[in-house]
Amino acid sequence: MVTLVVAETVTCVRRWQRKLQSSPSMVERVAHGSNNGGGNCVRKLDLWMRPSMVKEVSVLYVSGGGSGSGSAVEATIALVFIGSRSCGGATVVQRFQELFSQTKYKEAAELAAESPQGILRTPETVAKFQSVPVQAGQTPPLLQYFGTLLTKGKLNAFESLELSRLVVNQNKKNLLENWLAEDKLECSEELGDLVKVGYTPDYLFLLQTILRSDPQGAVNFALMMSQMDGGCPVDYNTITDLFLQRNLIREATAFLLDVLKPNLPEHAFLQTKVLEINLVTEDPDIHLKYIEAAAKTGQLKEVERVTRESNFYDPEKTKNFLMETKLPDARPLINVNPGNAPLVVGQLLDDECPEDFIKEKIVLQNSAFSGNFNLQNLLILTAIKADPPRVMDYINRLDNFDGPAVGEVAVEAQLYEEAFAIFKKFNLNVQAVNVLLDNIQSIERAVEFAFRVEEDAVWSQVAKAQLRQGLVSDAIESFIRADDETQFLDVIRAAEDANVYHDLVKYLLMVRQKVKEPKVDGELIFAYAKIDRLGEIEEFILMPNVANLQNIGDRLFDDALYEAAKIIFAFISNWAKLASTLVKLKQFQGAVDAARKANSSKTWKEVCFACVDAEEFRLAQICGLNVIIQVDDLEEVSDYYQNKGCFNELISLMESGLGLERAHMGIFTELGVLYARYRPEKLMEHIKLFSTRLNIPKLIRVCDEQQHWKELTYLYIQYDEFDNAATTIMNHSPDAWDHMQFKDVIVKVANVELYYKAVHFYLQEHPDLINDVLHVLALRVDHTRVVDIMRKAGHLHLVKPYMVAVQSNNVAAVNEALNEIYVEEEDYDRLRESVDLHDNFDQIGLAQRIEKHELLEMRRIAAYIYKKAGRWKQSIALSKKDNLYKDAMETCSQSGDRELSEELLVYFIEQGKKECFASCLFICYELIRPDVALELAWMNNMIDFAFPYLLQFIREYTSKVDELVKYKIEAQNEVKSKEKEEKDLVAQQNMYAQLLPLALPAPSMPGMGGLNAGGPYAAPAPMAGMGMPPMPPFGMPPMGSY
């Protein structure tokens, strides 16, 4: 503790010096008094500091002029200077230089950081560390220096700026943000420009500017700065100096009194300063202004202290000011006229009288001073700090002291029983019970005390404490006694945690009389439900209330209080939630009725599933019919039934759904799926009846899974997937094959390979029907490939009807196959017909194959084939070999080869076949030369057999001559007729010329006669050189020959 003593005598100052040195931590405050003749009154201001910090006490004497009754007073100010002087500034600098020269940079940094008054924390020191070269792998000395400063405290402006430059250059601004947040850096305009993290105004400049024109405004601005986050940006001492430089003592005092309210140890210097500027002077006006300033700023304790300690203010003016101000505390006014009590106390203290004697004779006994308010306060407060065991006795014996203030001091001194006694004595029951609850921590005593005083506020405090301790039932009873509804949220929460709903009902009924809160009414309903008082719930909701019934109903439902929830949901007509509640209560018929009113798919579904679980299938079907009409919910219902194993009931539901007005494709399809899985015997009938209302792809997948091949084939056909249908039939023929159906399908497939797969299929499984299938495929298959398939299989005979039917296409493979069959069957008629009508085959090969056949007709066909192929000699030779002379003759005739014909004549002559000779002459008539024929007949005595040929030849030539003669005559007649026509044409032209009108006589022309030459009707002279006959005088020239 640091003490500043203001004394009026040197002796008194020295005495207080001794006390300070012997007990540096002592705490006491003594009232001041007037000095009427000598000087022994002491005024002391205690400043809190650590005793270890007191190093030296200096005494400064300020002497007044003369001595007398309060006129000339010798004043002495004893000041305590704080600070260690063990190490002078020069010594520190020298030590720093030594460490630096020894490259002990870390130690040098620590010394600079802790240097007195910061004498080494200068730009020169920073520059010195900057100049040190950085060694590889070591921390730079400059960073060591700044790191040491940061661990010690806050950097000054220059240090903050230099460190920030380093961090910004390394792009680590996050470090700056952390240091700024920790108040490690001193902000400046340069720092703000560098890091751009914000703007810091120049508060000192602003204060100086305001101070020039508005001193009171400057006070307000200074107070505003003192309340800024992070502390005042301008030092309090600097602000005070600014005011004092302009002799603004009142303003400086007002500022200091406000900022020194916390009475902090670090404000000791400022506390001393405010006394210096107000109390050291003996000017009564200044003392009065100080009192006025303290009163106006609400510093009542300071007003009381100054009026008690100062002798320099004008008592009359001060009294008038205080009476006008009407302060709530009357002690300053009493101090202005204190009587003689302070003088006695001062004298006893000067005479070093024991304190116990002062307390027994002045305060405690019925002396003239025993009722003094200030002395009683002093006595108890001194005992609280110096002699706690006596405090309770003083409390019981004294009555005129500041109970509230002293009680608080006792609490701070941890004298809780004494504090309780003080508050109880002054009927401060709330403070008293708080001591019992918060400090003594005895709820039992607090309850007993509350019963004794029966105050609502006391019961309220007890209830809160009980609630904090988890004594919920007791707390509720106490809140009811306190008639306190303010804590209903905490009470509700605690009661629910403790499950004391009976007590909560009583409390909420009390609260409901005072507040209209949805929370209260809702919690009351919930509490009724928890204690099964359903009748009260029904009565409550019928009465006016502000409960959110929907929310409370949901809460009841969530807590499985279904009977109560049923009442709520029925009352608010929330049929959906009512249905859910009835389901929980197993009241399924009621749930169905509620679902019907709700008419929600979700509700119907919930009730349906619940009925299924309960095996109430009739009710489940009622609900289900209202669900399956929704496409999106149908599958969920079906899955639920199936998961429960209720297949028959599900099928019954879907069958009933077919008759619904809103029945959709999904119902028909789902029933088909169910039939496929559980009732396959009904599947085909269902598919055929409702094929147009099915989702065929879905049903196809199910039938495939369930291996219903016949139904799958039918679905493929209905969906026009004929390839899949045909494949299914062939792959699963035992179940899926139907001949008529397959014929209809196979002609519609898109994949031609299926045609040949069908051929193989029928060849293996139904060979008796293969021709029937091939007939329908005749226009689509490659006949050559079909024949090849059958040939490889060795069953060409099996498809003979098919090949006969398609032979008209004249396909080589078909022709050859049939020809082979005919040869094998020796069916020469069919073979002859095939060869005649269809020539696209290997003719020579066939001929060579059958030319040695044992059947004559086969060999004859071979000759015929040779003839068709133009191999005349082979054909004739084969015919001659088999004595088929007629065939040989016809072959010669058709060959047009004279040599072959004449050779055949010779052959017949050689064989003595006279009749054949005659026939050959007739058949080969056009080829055989007459002279050859006559020569052979004459030489071989066969004129008779050649005579028919001769007659025919003569007749033919005679006819030819006749034809020539006739042709010549007709040609002559044609020439004559043409000439006659030309003559007739000329005659006709002349006739037209004579019929023209007569012209006037023309002048005579040489060579022509005049008009008189032959008379008027003389004929004109013939036109020479025109080649026309002369014309008669009249008409057409006579018809005659030329």
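Leu951 is partly exposed, with a relative accessible area of 45%. That value falls between the 20% and 50% limits, so the residue counts as neither buried nor exposed. Leu951 sits in helix H60. The model is a predicted one.

Leu951 belongs to a nonpolar surface patch of about 550 Å². Two helices, H59 (930-939) and H60 (943-994), each give at least two residues to the patch. H60 makes the largest contribution, with 3 residues. A general rule of helix geometry applies here. An α-helix has 3.6 residues a turn, so residues three or four places apart point the same way.

## Between H59 and H60

Asn941 lies in the loop that separates H59 from H60. Its phi is near 55°, a positive value in a residue other than glycine. Most residues other than glycine have a negative phi. Asn941 is exposed, because its relative accessible area of 66% is over the 50% limit.

Further along, UniProt lists residues 961-988 as a "coiled-coil region", in an unreviewed entry. In the model this span is 100% helix and 0% strand. Its end C-alpha atoms lie 41 Å apart.

At 49% relative accessibility, Asn883 counts as partly exposed. The limit for exposed is over 50%, so Asn883 stays in the partly exposed class.

## Helix H6

Helix H6 covers residues 157-169. How far apart should its ends be at 1.5 Å a residue? The 13 residues should span 18 Å, and the end C-alpha atoms are 18 Å apart, so expectation and model agree.

Asn156 caps the N-terminal end of H6. One of its side-chain oxygens lies 3.2 Å from the backbone nitrogen of Phe158. Within the helix, the buried residues include Glu159, Ser160, Leu161 and Glu162. Leu163, Ser164 and Val167 are buried too.

## Salt bridges across the chain

The whole structure holds 43 salt bridges. One of them joins Arg250 to Glu292, with the closest N and O atoms 3.6 Å apart. This pair links distant parts of the chain, 42 residues apart. Arg250 is in helix H12 (residues 249-259), and Glu292 is in helix H14 (residues 284-296). Are the two partners buried or exposed, or in between? Arg250 is partly exposed, with a relative accessible area of 34%. Glu292 is buried at 17%, because that value is under the 20% limit.

Lys514 and Asp483 also meet in a salt bridge, 2.7 Å from N to O. Lys514 lies in the loop between helix H29 (501-512) and helix H30 (518-530), and Asp483 in the loop between helix H27 (472-482) and helix H28 (488-498), so the pair ties together parts 31 residues apart in sequence. Lys514 is partly exposed at 40% relative accessibility. Asp483 is partly exposed at 35%.

## Another bridge and a network

Lys644 and Asp613 form a salt bridge at 3.4 Å, N to O. Their positions are 31 residues apart, and the pair links distant parts of the chain. Lys644 is in the loop between helix H38 (631-643) and helix H39 (647-657). Asp613 is in helix H36 (residues 601-613). Lys644 counts as partly exposed at 47% relative accessibility. Asp613 counts as partly exposed at 44%.

Salt bridges also link Glu496, Lys519, Glu523 and Arg555 in a network.

## Val752 and Val781

Val752 is found in the loop between helix H46 (739-746) and helix H47 (753-765). Its relative accessible area is 43%, which means it is partly exposed. Which separation do the C-alpha atoms of Val752 and Val781 show? They are separated by 7.8 Å, while the residues are 29 apart along the chain.

Technical notes. Residues are numbered from 1 along each chain as its sequence is written. This is a predicted model: local features need pLDDT of at least 70, side-chain atom pairs count only at pLDDT 80 or more; totals for chains, interfaces and linings use all residues. Side-chain values use heavy atoms; hydrogens and water are left out. Helices (H or I, at least four residues) and strands (E, at least two) are DSSP runs, numbered from the N terminus. The expected span of a helix is 1.5 Å times one less than its number of residues. Buried means under 20% relative accessible area, exposed over 50%, partly exposed in between (1.4 Å probe, protein chains only). A polar contact is a pair of N or O atoms within 3.5 Å; within protein, one must be able to donate a hydrogen and the other to accept it, and residues adjacent in sequence count only if both atoms are side-chain atoms. Patches are made of residues with over 30% relative accessible area and no salt bridge: like charges are joined within 9 Å, nonpolar side chains (Val, Leu, Ile, Met, Phe, Trp, Tyr) within 5 Å. Accessible areas come from the Shrake-Rupley method with a 1.4 Å probe; for residues, only the protein chains shown count as cover. A salt bridge is a side-chain nitrogen of Lys or Arg within 4 Å of a carboxyl oxygen of Asp or Glu. UniProt positions are given in the numbering used here, feature names are shortened, and annotations may be inferred rather than shown by experiment.
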